[in-house]
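Here's a quick briefing to read alongside the model. Have the sequence and the 3D view open as you go.

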Amino acid sequence: MWDYLKLGILGVIAVLAAIAANYAHDLAYMVNAVMVMIAAAITFLVVLRGIDEPKTVNPLEYMDDVVRAGVIATVFWGVVGFLVGVVIASQLAFPQLNFEFLQGFGNFGRLRPLHTSAVIFAFGGNALIMSAFYVVQRTTAARLWGGNLGWFVFWGWQLVIVLAASGYVLGGTQGKEYAEPVWYVDILITVVWLAFLAVFAGTLMRRKEPHIYVANWFYLAFIITIAMLHLINNMAIPVSIFGSQSVQVTAGVQDAMIQWWYGHNAVGFFLTAGFLGMMYYFVPKQAERPVYSYKLSIIHFWALIFLYIWAGPHHLHYTALPDWASTLGMVFSIVLWMPSWGGMINGLMTLSGAWDKLRTDPVLRMMVVSIGFYGMSTFEGPMMSIKAVNSLSHYTDWTIGHVHSGALGWNGMITFGALYFLVPRLWSRERLYSLSLVSWHFWLATIGIVLYASAMWVSGIMEGLMWREVDANGFLVNAFADTVAAKFPMYVVRALGGGMYLMGALIMAYNLWMTVRAQPAMASSHAAVPAQ
């Protein structure tokens, strides 16, 4: 009965999408409608083919198929996101690469939101979803709740990524940082995200372990808070049901405040809390040591969750935002340094008694470096929120360097470490194909990050100083074009660093592929048993 209901729903979606494509007011909407129609039709055929096949599910086994699919998607979207990043970094260094025939869909203005969304929400989002599904099963000794709802989350998220990315290059965007998708994609994100919450929370509630491990606290906080942020920041009224344009419910400084409450907490919960859940599971497992201090992990959690939500106004210093609001954001940002470093210390000290493993285990080395970048970024961020520092750093490349040292160093490296941990276990292989290739990846990624961040620090501080330089009469000495010309060497170094990071990711993709393809399979059990 349920299968026939699904067929009916999918058929209705396909027909409505075809009608929407026919009446579309803009190209992005039409292309997205056609994509939804095709996705619904393919899903219809898949459900139809399996309608009479016997469905045998062992409730005592982990649901690892969806995690394996998530690993593949994470690697794929990571390479895509890094590649687009290298392209736009090269376009900034060499404007000739904004080719005339690509104007309107392949120029910097269209590719930049594609890059940020691909790295954060495609690469990072898939990493968080698949790792959350893996960790919650292992720490609760329970199969994922909801049957195939986990697969709906996975495929729904891939559809979100494709709709958003195709929309960006065709001009479909609402122009909000980290919240670019248009109104109908936002609705789909809400549906998929609530399904993600249901699967995760449902699995926790059916757990066989009485204790909820701290990684699950971080994952749960990230899922719930992102849902709240997304709903409030994307309150919009469509101009037409057959177009991608919409009008925000809020406007002016109120809209700016909501946007950066969302924007900073997208960093705080999507890129920090979620990945801390990853850290608290995979670092102890790879080091084969218990978490250094479980009490510190709980203090870290509650302090971080309470403080982060207030820090957003520091993005709006010296704007129309009331001074007390931006000062409040600055104060909470500075205080936030303490729990952040508490988490860093907890992660690093987990290696107590196992530091010698860094000489022989490049996967653990990658995880430790990621924690180091987490500590550095969470010191730099509070420092940059101070008004005197912000007056120099804001709107400059320093901010770009800060973001990428966190994203590439913290989020990227901990994800790479988790992928190297997961692939042999999920595919029942004895070990990785090549630890030497992991070392190559580690050094390419680390040197690439250092080149990138250092170039942007130098470029940003120089840029800020040139903008504020005045002559004896109080007139600005440098035109904006002068700062652009002066930054050229740093932009070349940035593109080089990004290229090295991409090369490392390609080596990882090859290594993981060969691990599955060339390594002999082992007999293993995926039984849901209480954690040891």
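Predicted model: local features only at pLDDT ≥ 70, side-chain atom pairs only at ≥ 80, totals over all residues.

Residues are numbered from 1 along each chain as its sequence is written, and side-chain values use heavy atoms, with hydrogens and water left out. Helices are DSSP runs of H or I with at least four residues (strands are E runs of at least two), numbered from the N terminus.

**Helix 9 against helix 10**

- The axes of helix 9 (residues 294-308) and helix 10 (residues 323-349) come within 9 Å and cross at roughly 155°. Axes here are lines fitted to C-alpha atoms, for helices over the stretch in contact, and angles run from 0 to 180 degrees between N-to-C directions.
- Helix 9 passes helix 10 in a left-handed crossing, the term for a near helix turned anticlockwise from the far one by less than a right angle (clockwise would be right-handed).
- On the helix 9 side, the contact (heavy atoms within 4.5 Å) is made by Leu296, Ser297, His300, Ala303, Leu304, Phe306, Leu307 and Tyr308. Helix 10 brings Phe332, Val335, Leu336, Pro339, Ser340, Gly342, Gly343 and Asn346.
- Sorted by type, the residues of this helix 9 and helix 10 contact are 10 nonpolar, six polar and no charged. Ala, Val, Leu, Ile, Met, Phe, Trp, Tyr, Cys and Pro count as nonpolar, Asp, Glu, Lys and Arg as charged, and the others, Gly among them, as polar.

**Helix 6 against helix 7**

- Helix 6 and helix 7 (residues 214-233) have axes that come within 10 Å and cross at roughly 155°. The two helices are therefore roughly antiparallel to each other, and their crossing is left-handed.
- Helix 6 contributes Asp186, Ile189, Thr190, Trp193, Phe196, Leu197, Phe200 and Leu204 to the contact.
- The contact of helix 6 with helix 7 divides into 14 nonpolar, three polar and one charged.

**Helix 13 against helix 16**

- Helix 13 (397-426) packs on helix 16 (residues 488-518) at an angle of about 10°, with the axes 11 Å apart. That makes helix 13 and helix 16 roughly parallel to each other.
- Residues of helix 13 including Ile400, Leu408, Met413, Phe416 and Tyr420 meet residues of helix 16 including Tyr491, Arg494, Tyr501, Met508 and Leu512.
- This helix 13 and helix 16 contact has 13 nonpolar, three polar and two charged residues.

**Helix 5 and what follows**

- Helix 5 has 21 residues and reaches 31 Å from its first C-alpha to its last, close to the 30 Å expected at 1.5 Å a residue. The expected span is 1.5 Å times one less than the number of residues.
- 15 of the 21 residues of helix 5 are buried, so helix 5 is largely enclosed by the rest of the structure. Buried means under 20% relative accessible area, exposed over 50%, and partly exposed in between (1.4 Å probe, protein chains only).
- Gln158 lies in helix 5 (residues 149-169) and is buried at a relative accessible area of 10%. Leaving out residues up to four places away in sequence, Gln158 touches Ala73, Trp77 and Asn126.
- After helix 5 comes Gly171, with a positive phi near 95°.

**Positive phi in loops**

- Most residues other than glycine have a negative phi.
- Tyr178, in the loop between helix 5 and helix 6 (183-205), has a positive phi of about 65° although it is not a glycine. Tyr178 is buried, with a relative accessible area of 15%.
- Glu288 has a positive phi too, near 55°, and lies in the loop between helix 8 and helix 9. Glu288 is exposed, at 63% relative accessible area.

- Ala273 lies in helix 8 (residues 252-287) and is buried at 0% relative accessibility. Not counting residues up to four places away in sequence, Ala273 touches Phe218, Phe222 and Gly268.
- Trp398, in helix 13, is buried at 9% relative accessibility. Beyond four places away in sequence, the residues that Trp398 touches include Glu380, Met383, Leu392, Met456, Trp457 and Ile461.

Technical notes. Parallel < 35°, antiparallel > 145°, perpendicular 65-115°, else oblique.
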